[in-house]
Amino acid sequence: MTAAAGERAYHRPETVAEACRNLADAEGQTMVVAGGQTVMLMLREGIVDPDALVDVSAIPALGGVSVDDGTATFGATTTYADLAAHDLSERVTMFEDACAVVGDRQIRNAGTLAGAVCYGVAALDILSVLLCLDATLAIESADGHRTQALDDFLRGDGETDLGRAELVTGIDVTLPPSDAGSAYIKHSSVEAGWPTVGVAATVTVDDGEFTDVSVGLTAVADRPIRAPSVEDALDGAAVSEDALATAAGAASEDIDPSDDRGGSARYKRALTPTLVERTLETATRRAGGAL
């Protein structure tokens with residue numbers, strides 16, 4: 001379906017191929033909308049004034065969550081509420097943790113995972129969770145299909161590698177082992193507000209040692225990032241509170257915060273190690289680690 005609202009074209013395709021044609025044929029600035037939690041806010045505040053909107057919310061192929069062996073795939077229109085309600089959130093508890101603190105109920109019911117990915121803002125909670133799981137994006141256009149690691153896709157605060165006529169159709173993640181623990185914890189100055197700092201972590205423990213640790217950080221750089229210094233510090237270390245505290249201290253080597261609506265750079269730098277330690281403790285206990 002194609003219509004015009006004033007001078008702005010509005011397309012509501014029913015297939016991915018149709019959406020790609022709409023994007024390829026559109027003139028001027030074109031924006032993809034699904035849940036509308038980001039685009040409509042930007043329209044109301046006059047931040048953007050696109051010539052055309054492509055509403056992909058009616059494309060059945062873009063919905064749903066599928067799990068196969070060690071991977072999971074989220075369709076582009078999967079909402080935070082969809083993810084929180086899926087059985088997968090009982091296994092990978094940081095999904096439930098993160099979805100519970102994203103905005104208010106309206107945002108969780110309508111906001112989509114792909115919307116967050118394409119918005120690409122450094123303070124979005126779910127992005128550090130997806131980075132922890134080595135997320136890869138499926139991207140379609142009239143010219144064909146490509147995949148790209150989320151870590152490479154995110155270029156800066158609100159900047160991504162998505163082409164003008166491209167559509168993110170799905171997000172693939174590598175699931176941690178069934179006995180792994182995970183957690184997402186954020187600190188915000190107001191309830192349901194933007195995070196001052198957010199930390200995601202997955203932890204696997206074997207015979208009293210950390211065998212696999214992933215840590216993602218929100219709102220402490222110009223994009224969501226992994227924390228390799230923390231991960232390396234725990235690789236093969238004996239499970240203990242001292243090991244967690246030492247590793248958490250290494251987070252300062254990975255971050256480069258700026259002042260933003262969530263807090264000052266100085267506060268973020270002071271808070272990050274504490275929040276990393278707290279998140280790792282929770283994930284370790286969920287993995288059965290003795291602390």
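A residue is called buried when its relative accessible area is under 20%, exposed when that area is over 50%, and partly exposed in between, using a 1.4 Å probe and protein chains only. The structure shown here is a predicted model, in which local features need pLDDT of at least 70 and side-chain atom pairs count only at pLDDT 80 or more, while totals for chains, interfaces and linings use all residues. Residues are numbered from 1 along each chain as its sequence is written, and side-chain values use heavy atoms, with hydrogens and water left out.

Consider Thr204. This residue has a relative accessible area of 11% and is therefore buried. Thr204 belongs to strand β13; strands (E, at least two residues) and helices (H or I, at least four residues) are DSSP runs, numbered from the N terminus. Contact means heavy atoms within 4.5 Å. Apart from neighbours within four places in sequence, Thr204 is in contact with Pro177, Asp179, Ala180, Glu209, Phe210, Thr211 and Asp212.

Strand β13 spans residues 195–206 and is mostly covered, with eleven of its twelve residues buried. Two strands are said to pair if DSSP finds at least two bridges between them. Strand β12 (residues 181–188) pairs with β13 in the antiparallel sense over eight bridges, and Lys186 stands opposite Gly198 in β13. These two strands, β12 and β13, form a hairpin with six residues between them, and in the turn Ala192 has a positive phi of about 65°.

Strand β13 also pairs with β14, again in the antiparallel sense, over nine bridges. Here Val203 is placed opposite Val213 in β14. The hairpin of β13 and β14 has two residues between the strands, and Asp207 takes a positive phi near 50°.

The helices come next. Helix α11 covers residues 241–249, and its buried residues are Ala243, Leu244, Ala247 and Ala248. Because these residues cover an arc of only 130° around the axis, they lie on the same side of α11; the arc is that of the directions from the helix axis to the C-beta atoms. An α-helix has 3.6 residues a turn, so residues three or four places apart point the same way. On the other side of α11, Asp242 and Thr246 are exposed. The cover over the buried residues of α11 includes β14 (209–218), α10 (228–234) and α12 (265–286).

Helix α5, residues 93–100, is mostly covered, as six of its eight residues are buried. The buried residues in α5 are Thr93, Met94, Phe95, Asp97, Ala98 and Cys99.
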